[in-house]
Each structure stands twice: as C-alpha cells, then as structure tokens.
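Subject: Structure handover

Hi,

I am passing on the structure we talked about, and my notes on it follow below. Please have it open while you read.

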Amino acid sequence: MSTKHDLGFGIDIGGSGIKGAPVDLQKGKLAEDRVRIPTPQPSTPEAVAETVRQILDEFGWTGPFGCTFPAVVQHGVTRTAANVDPSWIDRDAAGVLRKVTGRDALLVNDADAAGVAEVEFGAAGRRSGVVLLATLGTGIGSALIVDGHLVPNTELGHLELDGHDAETRAADSAREREDLGWPEWGERLTRYFTHVENLLWPDLIVVGGGVSKKFAKWSPYVKTRTRMIPATLLNEAGIIGAALLAHRGERR
Ligand code: BGC
C-alpha cells in the first residue's frame, strides 16, 4: 500500500505548456490529475519559475520537487536552448526555481526524466543492460540508462547525419513540416537509429513522444537490429521521472 512517504512531485516544462502533479512513487502513476498552465511568453527562467510556483501552490505542495527541461541541464545549470528561449543558456535555473518557489528543486533534461520513468515503471521493464530512450517530438531527446543508472545529457538528437542536425531530419516535427508519409519517415528513422546503434549497441530502444501512440503504423518501416518498443507512460513519463529523481535526492 502506498503512503504519503511514497509521494513526490513532478513538473514538466515544455515549449507550450507547463504541467505538474503529485506522483505515487510506489506505483509510478500520477496521484492526482495534473494541472497544465500555458508556458508564459517570453519564457524567461523567472517567468517560468513563477508558473511552476503557481502549480505547486495549487496542490499545496511544499516539499522538494523535480522539474524537466527540454535542453542540457548540468548540475542545475541549463546549458543549451535548442527549442526554448535563449535566455536559459548558462543560467543557474535550479537556483532560480528554488528562489522563486521557496522549495527545493531538482532540474533534469526532459528525455532523461522520461527514460528513468520508463525503466523504473514503464515499457523497458528491466534495469539491467543498456537501454536507450528516444523521444520523437519537436526535437529528438535521448536518455541512456545503463544497469539502471542514467548517463545524463546524451543529446543524441544532435548527431550529425548526412550533413544535418539529425533532429531536423528525423524528429516528428520534420515529418509534419515536410508532410512525410510513414514509409518515408520510417526510412529516415532507420538511417538515424542505425547510426545510433552502431555507436552504442543498446540492448533495447524505447521510443517516446506523442507519435509513439501510433507506433504500429510507422514501426514496420523502421529496420533496426535492436528490439524497439513504444514508451508506455507517454506524456506522464517526464513528470514521473522528475518526481522520482527529486525524491531520491539526486543532483545532476
Ligand atoms: C534538446 C534536448 C531535448 C530534446 C527533446 C533537443 O533539441 O537538445 O535537450 O531533450 O530536444 O525536447
């Protein structure tokens, strides 16, 4: 049975919305319906932190919380901003979150949080070996988890592929922008994942992001030697993973 000691709190900062909920860390599920507030524009660290505070207040949550961010996060400092406001680059964003919210905050890359959740509670269903999670959305996020341990900030969406930043060719946003059919997009994913496989030789690839719901439609066109499966926690994975890392008191 879960107790209040198994409760954590996760927040997912995205380009269009900021979502948060308490998380049951025994079951790996949201303990209450999540709240979503549109991302403020311009999405400066201070403005986003203010929205995060509102979400925490809404649930009366005063403890430590975990927060995802769609860029490199090194020990609380946001280092890149591929698809977010450039004002985050080299900011002590975890410090800003702590100051504005008055709670202890852990900040983690969005794909890393999702990967941790999928390994602990979701699709991967295993902790041993090398698991790679790739999220296909506006960009491509990656999480590398080795025997249950996260290797943070792998950023495999930015591998160079045929002279391009890979995510500009193979992310779900590229499929939409170029109006690619499943077979054409599948070819691009094959090219991408083959490259990744040749570098890392994972035991399992888990694919997340909204388009993972349509896995059955496009996966027949993706030829990989590694077993590939869809994520199961879907758009809750980031919230769950961030809450878990904060609960464990991990600092990245
Ligand atoms: C960013 C990653 C992020 C991914 C998914 C990429 O453009 O560089 O840090 O995980 O998008 O949001």
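Which strands and which helix do the buried residues of α8 pack against? The strands are β1 (7-13), β2 (17-24), β3 (29-30), β5 (65-69) and β8 (105-109), and the helix is α3 (110-120). Before the details, some ground rules. This is a predicted model, where local features need pLDDT of at least 70, side-chain atom pairs count only at pLDDT 80 or more, and totals for chains, interfaces and linings use all residues. Residues are numbered from 1 along each chain as its sequence is written, and side-chain values use heavy atoms, with hydrogens and water left out.

Helices (H or I, at least four residues) and strands (E, at least two) are DSSP runs, numbered from the N terminus. Buried stands for under 20% relative accessible area, exposed for over 50%, and partly exposed for what lies in between (1.4 Å probe, protein chains only). Contact, which I also use for packing and touching, means heavy atoms within 4.5 Å.

Helix α8 (residues 237-247) is mostly covered, with 10 of its 11 residues buried. Among the buried ones are Ile239, Ile240, Leu244 and Leu245. After α8 comes Gly249, with a positive phi near 75°.

Now to the ligand, which sits in the largest pocket. A pocket here is an open set of points, on a 1 Å grid over the protein atoms alone, where a 1.4 Å probe fits, with protein on both sides within 12 Å along at least five of seven lines; a molecule sits in it if more than half of its atoms lie within 2 Å of its grid points.

- 2.5 Å to a side-chain N or O atom of Asp110
- 3.0 Å to a side-chain N or O atom of Asn109
- 2.5 Å to a side-chain N or O atom of Glu155

The ligand alone exposes 310 Å², and the protein buries 92% of that (Shrake-Rupley areas, 1.4 Å probe).

Thr78, in strand β7 (residues 77-78), counts as buried because its relative accessibility is 0%. Beyond four places in sequence, Thr78 touches Phe69, Val72, Val73, Trp88, Ile89, Asp90, Arg91, Ala93 and Leu107. Val52, in helix α1, is likewise buried because its relative accessibility is 0%. Its contacts beyond four places in sequence include Ile11, Phe65, Cys67 and Leu97. Val52 and Cys67 are 15 residues apart in sequence, and their C-alpha atoms are 8.9 Å apart.

Finally, some backbone geometry to look at. Most residues other than glycine have a negative phi, and most peptide bonds are trans. Gln41 and Pro42 are joined by a cis peptide bond, with omega about -5°, and Pro42 is in the loop between β4 and α1. In that loop too is Ser43, which counts as buried because its relative accessibility is 10%. Asp90, in the loop between β7 and α2 (93-101), has a positive phi near 65°. Trp201 has a positive phi of about 45° and lies in the loop between α6 (182-200) and β14 (204-208). Trp201 is exposed, because its relative accessible area is 55%.

Best wishes

Key:
A polar contact is a pair of N or O atoms within 3.5 Å; within protein, one must be able to donate a hydrogen and the other to accept it, and residues adjacent in sequence count only if both atoms are side-chain atoms. On a 1 Å grid over the protein atoms alone, a cavity is a set of points where a 1.4 Å probe fits but cannot get out, and a pocket is an open set with protein on both sides within 12 Å along at least five of seven lines; lining residues have an atom within 4 Å of a point.
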